[in-house]
Structures are given as structure tokens and as C-alpha cells.
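Here is a friendly briefing to read alongside the model. Have the sequence and the 3D view open as you go.

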Amino acid sequence: MESVALVAPVTALAFAGDVLLAGLAAGSTGIADGSTSPANEGSGSELELSCLLQKEALPIEAPLSVLFGLHGKTGVTSVTCHGGYIYSTGRDGCYRQLRLQDQQLEVLQKHRPCKGLQWLEELRFTPDGDLLVLGFHADNFVVWSSRTGENLHCIPCGGGHRSWSYCSSPLSENFAFVKCGDVMLCHRQPEPCEQQVLLSSVHGREITCVRRLGTVEVPGHTALNVFVTGSEDTTACVLALSERSRAAVPLTRLSDHISSVRALALAKPAGPSTKGASTLLFSAGGRAQIECYRLLCAADPASESAVACQVTHVASHRLDEHWERKKNRHKLIKMDPETRYMSLSVIPGTSSEQLPTPWEFLAAACSDGSVRVFGLLEAARKLVLVAESFHHQRCVLKVEAFLHTRAGGERRHLLCSAATDGSVAFWDITSPIKDAVDALHRGEGEMQPLALRTPLLTVMAHSCGVNSLHIHRTPEGPYLVASGSDDGSIHVCLLEVSLGEGTAGTCLRVLERVARPCAHAAHVTGIRVLRPDLLLSASLDQRLTLWRRGPGGLDMLSTTFFHVPDLAELDCWEVTEAGGVLSYCCVLCGQGLEVLRGTCPPEPPPLEDPQ
């Protein structure tokens, strides 16, 4: 095959060893073998200066990799290398982190510095580890700090269509620019900082969801817990929390969302790795937007947090973009652009099946009254809507997926959804998932959404909205389904799942129902079944209560007050301490973040059969 020369106007140029990095005016980024480029006739800086000053096209023979439209159609303004990664900026208001793997460019992450900063020009890495973003906001030149999340400088200069230069040193900072034919210079000497941060914030607004990733063992340190939080400030944050220092250190921020992040879900780790623990993260929220990332957390004793987190953006999905691709959409009612995803749940046991391609499936509760199921093909970076149902006809607040396996190995994928009318519905989504896999295989990753079947069972658990939901399988086989409501009540039902023989389907039967009205004085926004006989609930009344489930109902064992107002969610996990003592930890989020630990009473002895 003959080599093809890529000829395009160059707006940014850099060298990484023998690799030539080029940013093009059309918004694309490409790499080529720098050893065969004109760089052999001079230094890299001379070649870069020559190409950019003469504004001529740079002929790149046989490009190794090209990412078309990486920064839209507005053009790439700079490319640079730092710490083994490649960074590019553009006039789309974003800078991207890339890496070179097997001579191919791979996008890891997209960052949006701050609202309104649409014209990014350059990145500067400081010796103290801060990343400065240089750009233009309207008529002002802006220097933005990624560490503090605020503007360090804002200088009126007339906008970005001009020649300029910025230089910073410990002694002074200088910004020169051309305005109306005059060369202007702004000079500033560093001033002593009179502000001292006593406790840095995790988010700028309320934390709406939290999930625990796991524990990272670091030599010379205590075990560090890693969490992911989502917030109304449109970002998700991966942070490490040390029990010794009691400090939460942000590892990385995910800023792909254009509205609030309302829900998080984690897929099971991909397997043991010498580089660390790898996990799939799904985040969703306003404007019907879902983002998917691959997180790799590993020990890094040299860093401040002692943990390093590498983020790879896998896929994204928005319902309005999905609607625009529909055929005959003029005959359909357009989806509500204000739709929010209220809850997410990864459907377990789908990626391990012997499928033509390994798909991961995700269930979502939506504010427009639908329950939607998505399929992710990580290798192709595709997130596809595969099934949906508007059975509830009102806002769906919670979804929880679980896998039922019979002794013979037969499996059923079951889904539980809860809405604002207090109803809890149970679905068998095994057939829709199999049909979706077949359709995706035939359509090469594209399909029209299927219809979910009618729920197998609906339980009116509460008189109003269900704000918390959790499912726990008992050793005997049945499932405990616990829910908390706006009216402060708690409802627990024992659900039996039986699989029919031959053509008979899945049968669900409620064996026991327990309700505790007025368990809390406000909305119950967090609930977890710790053991078949123990239940943990949290509410807006700032009480964390431990309940014992017995034959007579729910009995309060203990309660404690926590300090986080406007509680949004909680997550729990087991911890085995010295001597084999089992305890439970829970993390609560709202207007802040708090971690609590407690020991549980011993399990009660089994009831003796009557003589």
C-alpha cells in the first residue's frame, strides 16, 4: 500500500523523542515518525518556529495515528508532553490527556477548566505540581490553576485574536500583548499570600452520590480507602481517605458532565493486575447524560496521596443525541431534554457469559418515568440504549439489579425499580438482554431499543417516593428487599424466586413483609442490609440507626448522630480487624462527607423447632 501524506495547516507542533506531534487547524491531532521528518535538518524548536511563523502546511508522510476532530472544528492551539502523557488544548474550551500506545494515540480524559473559558491556548506545568491553563475569557487573558480551581490572573487585553506572550518566575510575572498596533506589557511582582486553607473542599456544591472503590495497600502507610463522589457542581471526584490523617486527598476530577452528577455505579474489577486495581465507573445525572470510565488505582509512595489514579474515558451517551440519529424522528415525540438519571445499577453476570462480544449492561432510573437498559462494548467504546419501559408513568427514583442462580446453573437477571408513588416493581430482564445481544451482534453495535416486558410483581411498599433501596440475598436463598421513603418509613420484604420447568418463566412470591412507620423524622435517603437480621438506615434527620429484624418486626438497637446535613446517600463495607473481629464502615454524603465505623452484635442463635 502506498503511503499517504497528510497535508494540513499546522497550529501546534511538538516533539516527544523521535515522535512528531502535530495539532491541525481542523481540530485534529496526529503523530508521525519524527526521525524521517524535516527535523533531521534542524532542531525541533527551529522546525516548529518555521512552520508556525510561515503558516504553511506541514507534510506528514505516513502518519502513525490521527484523531480526527479531537477539538471539534475550532482547531488545536497547543500540544505538549509531560510525565509520559500528551496534552492538547483547543478552542472548544477543553484540554485532553492522551497517551501513545503501540504507535497509536489514545484519549484518556477530557478536562474543562471552568465555565466560560472557551478559548484555551496553552498549558504550563509548575515545579510544585500545579497545572496552569492559559486562555481567553471574552476580552480577558486568564491564568487558571487546576490545583485551587480558581483564576490566578484576569487581564483585559481585547481577546485572543492577537499576538501575546506570558512568562512566570518566582520573582515576577509578565504578560505582553499587541493591541491596536501597540505592544503592551503587564508586570507583576508576587505578593505574599495572606490566605491559608484550613480544610480544602472536595466539591463546590452538595455531594449527591458516593461509592467506595476499594482499598489500596501502600508500603509504609496504613491502608487507604478510595472513593468516588458525584456532585451538583457537575464533576465527579476520585479521592483517597487515610484513617490515620483523616484527610481526603483528591486524586483526579472528572468534568465531562454538563449538568449535575446524580448517580454512580461500579462494575466488578477486570481481574488481578500487577499495575493496580482496575474498575469500570459509570456516572449519570442531568441532561440525560451517562459517562463511562476505566479507573486504575495503584500505590504511589512518592506522591502526596500515596495513591495514583489513571483515568481512561471509555464511552458516553446522551438521549438527545440518540434521538437525533433516529429514523423518521419527525413522527415521534422528542424526549424531554430535562430528563435526569436518578439511579444506576450494573447488571451482574452479563460480561462473563459466552457471548460473541463481551457486553456490560447497565440499568438506569429516569425522571421521565422510564426504566432504561444500556449495553457497553468497552473494546469499541460504545454505549448503546438497548431496552426501555414506561411502566411506572412517573419519576423512577431507584433501580437495583441482582442475579439469581439455581443449583443447576440456570441464571436469571432480575431488576427492581422504585418510583415516586411508593411502588416497587420486579422485572425479569433475562430475555431482553439475550435479544439485545443478538441484535447488537447482527447490527454491529447498533440497534433500536427493545421493550421491557411487564413486571412480574409490584409491591406498594410506601405511600410516597422511595429514596433508598437495597437487596441482599440470605443464606437460605430468598432475597431481602429493604426500602426507605419520603415519609420516614422503612419497608422490608422477603422475596422468593423460583424458576419454572420447561417453558414456565420466573415466579416471584413475597414470603414476609415488615414495615416500620415513622422510623425517622425525615426522608430516609440511605439503607443497607448488613446481615439477614441487621439493617442500617440514614435519614435527613441526621440519624444513623441500626435495626434488628426479627419475627416481631424491626427493633432499634442503636442510633447515632452524624454531622453531614442534607444526606443524599450512603455506602457500606465490611472490615476485619485484629483478632478476626468483624465491623462495618459506612460513608455518608450530602453537604460534606463523613465516614463512620461500628461493630455489630453477634448473630442470634437459630430458633429451635417446637417439640
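**Salt bridges, a sheet and a buried serine**

The structure holds 23 salt bridges, each a side-chain nitrogen of Lys or Arg within 4 Å of a carboxyl oxygen of Asp or Glu. This is a predicted model, in which local features need pLDDT of at least 70 and side-chain atom pairs count only at pLDDT 80 or more, while totals for chains, interfaces and linings use all residues. Residues are numbered from 1 along each chain as its sequence is written, and side-chain values use heavy atoms, leaving out hydrogens and water.

**Salt bridges**
- Asp256 pairs with Lys110, with 3.9 Å between the closest N and O atoms.
- That pair links distant parts of the chain, 146 residues apart: Asp256 sits in the loop between β20 and β21, and Lys110 in strand β9 (strands are DSSP runs of E, at least two residues, numbered from the N terminus).
- Asp256 is buried at 8% relative accessibility, whereas Lys110 is partly exposed at 22% (buried is under 20% relative accessible area, exposed over 50%, partly exposed in between, with a 1.4 Å probe and protein chains only).
- Asp533 and Arg531 also form a salt bridge, at 3.0 Å between the closest N and O atoms.

**Sheet**
- Strands β14-β15-β16 form, in that order, an open antiparallel sheet (two strands pair if DSSP finds at least two bridges between them).
- β14 and β16 stand at the edges with a single partner strand each, so one side of each has no neighbour in the sheet.

**Ser65**
- Ser65 lies in strand β5 and is buried, with a relative accessible area of 4%.

Terms used: Helices (H or I, at least four residues) and strands (E, at least two) are DSSP runs, numbered from the N terminus.
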